[in-house]
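Subject: Structure handover

Hello,

Here is the structure you were waiting for. My notes follow below it.

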Amino acid sequence: MEFSELIRTGRAQAELLPGPEEPPLRGTLCVTGHHLLLSPGPPSTADLWLLLLRSVDSIEKRVAGDSGTITLRCKDLRVLQLDIEGVEATLDIARSIEALSSLESVITSFPFFYRPKGLRLGDAWHFHPPECYYKRVARETNAWRLSEVNQDFSLCPSYPRAVIVPRAVDDDALARSARFRQGGRFPVLCYHHAPSGTVLLRSSQPLTGPQKRRCAEDEDLLRAVLAGAHPGARGFIVDTRSAQAAKQARMTGGGTEAKAAYPGWKRLHRPLERGRALQESFVRLVEACGDPEQSMDRWLSRLEGCRWLAHVKEALSTACLAAQGMEREGACILVHGAEGRDSTLLVTSLAQLILDPLSRTITGFQELVEREWIQAGHPFQLRCAHSAFSHARPKHEAPTFLLFLDCVWQLGRQFPLSLEFGEGLLLALFEHAYASPFGTFLCNSEKERCLCEVRTRTHSLWSGLNHLKEQRKLRNPLYVLNPLAIWPSVEPQSLRLWQGLFLRWTRPPESSEVAWEKVWQIVTEREKTEGSQPTAST
Amino acid sequence: MEHIRTTKVEQVKLLDRFSTGNKSLTGTLYLTATHLLFIDSHQKETWILHHHIASVEKLALTTSGCPLVIQCKNFRIVHFIVPRERDCHDIYNSLLQLSKQAKYEDLYAFSYNPKQNDSERLQGWQLIDLAEEYKRMGVPNSHWQLSDANREYKICETYPRELYVPRIASKPIIVGSSKFRSKGRFPVLCYYHEEKEAAICRCSQPLSGFSARCLEDEHLLQAISKANPVNRYMYVVDTRPKLNAMANRAAGKGYENEDNYSNIRFQFVGIENIHVMRSSLQKLLEVNGTRGLSVNDFYSGLESSGWLRHIKAVMDAAIFLAKAIMVENASVLVHCSDGWDRTSQVCSLGSLLLDSYYRTIKGFMVLIEKDWISFGHKFSERCGHLDGDPKEVSPVFTQFLECVWHLTEQFPQAFEFNEAFLLQIHEHIHSCQFGNFLGNCQKEREDLKLKEKTYSLWPFLLDDQKKFLNPLYSSKSQRFTVLEPNTVSFNFKKLSSVKISNQMVSSPRNYYIQFIQNHLSSKLLCVLKNRLYYQ
């Protein structure tokens with residue numbers, strides 16, 4: 001397919017209004033296969049302005065007289081306005097943007113063409129392979145092994161090639177357990193909590209169906225988990241659906257673990273919102289944030305009505321429950337919902353942040369996102385196809401990953417010294433998950449990534465971020481290693497709207513950046529004079 | 001001491017409100033003449049000043065003892081369990097007596113002795129010099145002069161002795177105008193913007209009823225607008241909701257009729273009265289104090305408390321003032337009913353936006369001393385220092401501090417002081433430990449001989465300055481001369497949370513901190529989003 005077929009007008013004269021506080025930019029507008037360019041005319045010295053077409057969420061055109069206006073609503077929640085000379089040009093450009101921004105093909109997407117200076121292809125992709133995390137687990141315990149049973153993705157298309165499973169369970173048993181779980185997602189280890197010797201596992205729902213089928217190998221697997229932890233260990237199965245919904249799932253072949261079949265395991269239901277309801281909550285919140293004229297009461301009731309903070313609270317408290325089970329009660333935890341690719345990952349990744357100091361460092365957090373979201377098979381391409389502005393009916397879209405980032409932001413706000421990364425990294429991840437020149441968030445699973453050769457033909461976001469000159473924007477100047485678990489308060493009094501994200505484009509960031517820079521100065525000066533880092537107060 | 005029956009009770013439990021289980025500390029409770037003191041088994045001390053106690057409640061007897069719940073004016077809530085009901089009853093009764101004093105002389109300030117001699121004490125009182133402050137603003141000058149009309153508190157008992165008025169306003173005009181204003185509080189200068197030659201003036205409502213006029217009052221307003229050589233019209237801002245102001249007309253009070261005054265532009269800004277604010281805070285505290293609320297219940301509680309709406313109204317009014325002076329070069333006259341609550345809020349916040357001096361530690365003290373203390377904000381009644389009419393109690397000053405807190409959040413580099421400074425001041429408006437906030441006006445303070453019998457808070461805060469410094473403060477930054485909230489940042493919540501959470505981690509969470517922290521996200525957002533933008 002040629003992009004040129006989709007481009008109706010190459011160029012036009014236009015004026016861009018980038019935001020309420022920024023000056024307008026005049027110049028020649030140009031649509032290319034992946035970008036919208038605005039090159040300012042000779043009198044201006046401003047740089048070329050560039051927008052990745054993929055990041056356009058919705059487009060609105062208006063014509064009046066002999067000029068037109070295009071409003072672009074981007075996936076990172078920015079709203080841009082383009083005033084274009086000529087009615088035809090406006091309509092053509094709008095159509096071109098519409099067509100190009102919604103291309104579905106992965107291999108023609110921009111990451112496959114993006115070749116930034118200073119980065120080598122294939123770099124840093126192997127920073128976080130499953131073997132890497134397994135090495136850490138193997139240092140702590142002998143009860144687990146790395147299985148390559150999924151080498152060709154035949155057992156489970158959404159799992160990576162290698163997964164960590166109990167040493168006592170062989171690959172044949174895994175294969176049988178996989179057939180008993182939706183999408184083949186049999187229970188695998190995602191975190192070993194060394195201080196208590198317990199583990200965090202995730203899977204999808206068992207396919208018990210209306211006949212309440214059982215699977216001996218699946219039962220053996222979970223029994224082996226308890227045996228490998230410590231004598232007499234108990235386990236909790238955290239089901240992210242309500243008891244009612246879990247029961248109903250039986251009618252469609254799913255279900256839950258029967259109590260009698262899994263001795264030592266107790267089931268807990270913690271319903272988390274997912275899918276369309278979550279997407280709608282996101283849309284309504286963004287709508288509310290975009291209206292500057294509302295009264296205080298109206299704002300508060302819209303904030304309440306969109307229920308976003310309620311979802312944040314539920315996600316955090318379920319993660320706390322899982323973490324508490326491990327740390328305080330010495331129990332193993334298995335988390336699953338239905339498919340085990342959305343809310344399950346939300347809970348397991350947050351629980352690790354709460355418990356594991358390493359995951360709170362910059363590299364540790366990148367590793368966590370890579371392992372618990374990308375390799376664990378969160379369908380990024382489906383979930384992040386559209387952001388909050390799209391008029392299209394949502395099909396598979398859901399801001400699960402954004403909800404995760406928001407929860408991390410809440411953790412960072414409550415424990416300002418304990419995360420090595422700052423808000424900048426979270427914002428970058430949000431942006432790149434929805435539209436990115438890097439290949440990291442492409443596709444829905446490792447299998448698809450292999451087929452598209454994403455790992456060899458695109459650059460990794462991690463190497464992009466780590467080569468960024470402005471490392472300060474990603475880092476938290478106040479970070480001090482905190483070896484303890486960080487237990488967040490989940491009372492609504494303690495939760496706040498993430499203004500840095502939801503109101504990012506409605507106010508100029510300047511003053512906060514200046515102040516942040518000042519914090520950096522103070523911290524570096526103090527380190528120079530004291531020759532050491534300040535100690536943690538926790 | 002006659003109220004104290006039991007001075008010491010052992011084996012008392014202090015419940016930890018923040019733990020998930022019902023954890024508690026066991027220790028000994030002491031009752032002194034000024035404080036309630038709890039020392040736990042780790043020798044950690046919890047002091048509660050009797051004056052800080054807002055209410056004491058004895059709950060029904062339980063198996064472990066008799067629960068005693070103390071709510072403090074600084075929003076702290078302490079929950080003791082006393083093993084024997086008799087002891088609990090004694091302490092309960094003593095606290096009831098001790099927390100409500102009938103006479104000023106029984107307040108803590110009259111017995112507090114920080115070991116200073118008389119000259120040190122006097123020096124402390126002289127630290128803030130308002131005459132010096134007016135000089136700093138640039139008055140007296142060719143348009144404004146010091147009036148001696150109220151030197152003996154003859155015209156207005158609740159005003160200070162020294163008042164600045166337009167040079168062309170003669171004494172008969174002032175006297176005439178004061179007779180036409182509620183409580184005699186005629187229009188006087190509150191802040192002078194030297195560069196713009198525009199002024200913020202304040203007064204109380206006119207006694208206009210449905211049709212009454214007063215030529216002297218009209219003259220005085222004209223004199224104020226003439227004192228501004230650049231702009232001939234002036235704004236008259238009535239900070240009340242229009243309905244309230246109209247209701248006042250039936251009682252022979254009311255608001256200025258634009259037809260009778262030349263060159264005024266009249267404006268209502270709709271801040272609610274002290275009774276609405278009191279019940280709003282009550283509701284807010286209820287919502288904030290409830291554990292295990294759902295997010296939705298919390299936000300609908302927050303909304304129905306109306307607290308944020310009120311905060312926004314006060315901010316809006318202050319921004320109106322700053323804009324009138326900066327953009328239109330116009331003078332502004334502000335009043336509410338008596339001109340000591342809403343007027344103080346709006347005038348002081350407006351000045352804070354306009355003048356970077358008030359954003360320093362010393363300058364903020366001056367601002368409070370000038371707009372609140374000297375102009376007769378009724379601290380003793382509003383804070384309930386004495387056992388008086390509960391209907392006079394209202395968190396007007398607390399609201400002012402909260403508005404300032406918002407500005408510090410929005411302009412992290414513009415203020416020399418930090419949140420701890422605001423909290424410390426909030427502690428002391430209720431503590432009655434220093435003389436500054438006792439009494440309801442300057443005359444009353446002089447009658448009480450506070451400068452001889454008590455100490456001033458300000459030198460003690462200045463000595464502790466280090467604790468109150470904002471590390472991000474940048475005094476050189478010229479762009480912060482006037483706070484123009486279009487350079488505002490929405491998202492700079494990180495720093496405040498650093499401070500808050502540090503305190504949360506290191507100490508049992510102070511309830512006020514939590515309280516303040518709670519409703520900010522929403523609050524700021526709206527305040528900012530709607531109105532703080534200059535066009």
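Start with Arg240(B): it counts as buried, at 0% relative accessibility. Please keep in mind that this is a predicted model. The partner of Arg240(B) is Asp238(B), and the two form a salt bridge. Their closest N and O atoms are 2.7 Å apart. Asp238(B) also has 0% relative accessibility, so this residue counts as buried too. The cut-off for buried is under 20% relative accessible area.

Salt bridges

Take Glu60(A) and Arg73(A). They form a salt bridge, with the closest N and O atoms 3.1 Å apart. Glu60(A) sits in strand S5 (residues 56–64) of chain A and Arg73(A) in strand S6 (residues 67–74) of chain A, so the bridge ties together parts 13 residues apart in sequence. Glu60(A) is partly exposed, at 33% relative accessible area. Arg73(A) is partly exposed as well, at 22%.

Next, Arg472(A) and Glu517(A). Their salt bridge brings the closest N and O atoms to 2.5 Å. This pair links distant parts of the chain, 45 residues apart. Arg472(A) belongs to helix H17 (residues 471–474) of chain A, and Glu517(A) to helix H19 (residues 510–530) of chain A. Arg472(A) has 33% relative accessibility and counts as partly exposed. Glu517(A) is partly exposed at 34%.

Chain B also holds a network of salt bridges. It links Asp341(B), Lys378(B), Glu381(B), Arg382(B) and Glu392(B).

A buried helix in chain B

Look at helix H13 (residues 396–410) of chain B. It has 15 residues. From first C-alpha to last it reaches 22 Å, close to the 21 Å expected at 1.5 Å a residue. Is H13(B) enclosed or open? Of its 15 residues, 15 are buried, so the helix is largely enclosed by the rest of the structure.

Cavities

The whole structure has six cavities of 30 Å³ or more. I looked into the second largest cavity. Its volume is about 150 Å³. The lining consists of 15 residues. Nearest the centre are Pro160(A), Ala162(A), Leu189(A), Arg202(A) and Arg371(A). Four elements of chain A give two or more residues each to this lining: helix H2 (130–140), strand S9 (163–166), strand S10 (188–193) and helix H10 (362–374). S10(A) gives the most, with three residues. What kinds of residue make up the lining of the second largest cavity? Eleven are nonpolar, one is polar and three are charged.

Strand S2 (residues 25–31) of chain A is mostly covered, with five of its seven residues buried. Strand S1 (residues 11–17) of chain A pairs with S2(A) in the antiparallel sense, over six bridges. Here Ala12(A) stands opposite Leu29(A). S2(A) also runs antiparallel to strand S3 (residues 35–40) of chain A, joined by five bridges. In that pairing Cys30(A) stands opposite Leu37(A). S2(A) and S3(A) make a hairpin, with three residues between them. In a regular strand the side chains alternate between the two faces of the sheet.

Best regards

Key. Residues numbered from 1 in each chain as written. Chains lettered and ligands numbered in written order. Predicted model: local features only at pLDDT ≥ 70, side-chain atom pairs only at ≥ 80, totals over all residues. Heavy atoms only, no water. Expected span 1.5 Å × (residues − 1). Buried < 20%, exposed > 50% of the residue type's maximum accessible area, 1.4 Å probe, protein only. 1 Å grid on protein atoms, 1.4 Å probe; cavity = no way out; pocket = protein on both sides within 12 Å on 5 of 7 lines; lining within 4 Å. Points joined across faces, edges and corners; volume = space filled by probe spheres on them. Nonpolar A, V, L, I, M, F, W, Y, C, P; charged D, E, K, R; others polar. Salt bridge = Lys/Arg side-chain N within 4 Å of Asp/Glu carboxyl O. Pairing = 2+ DSSP bridges.
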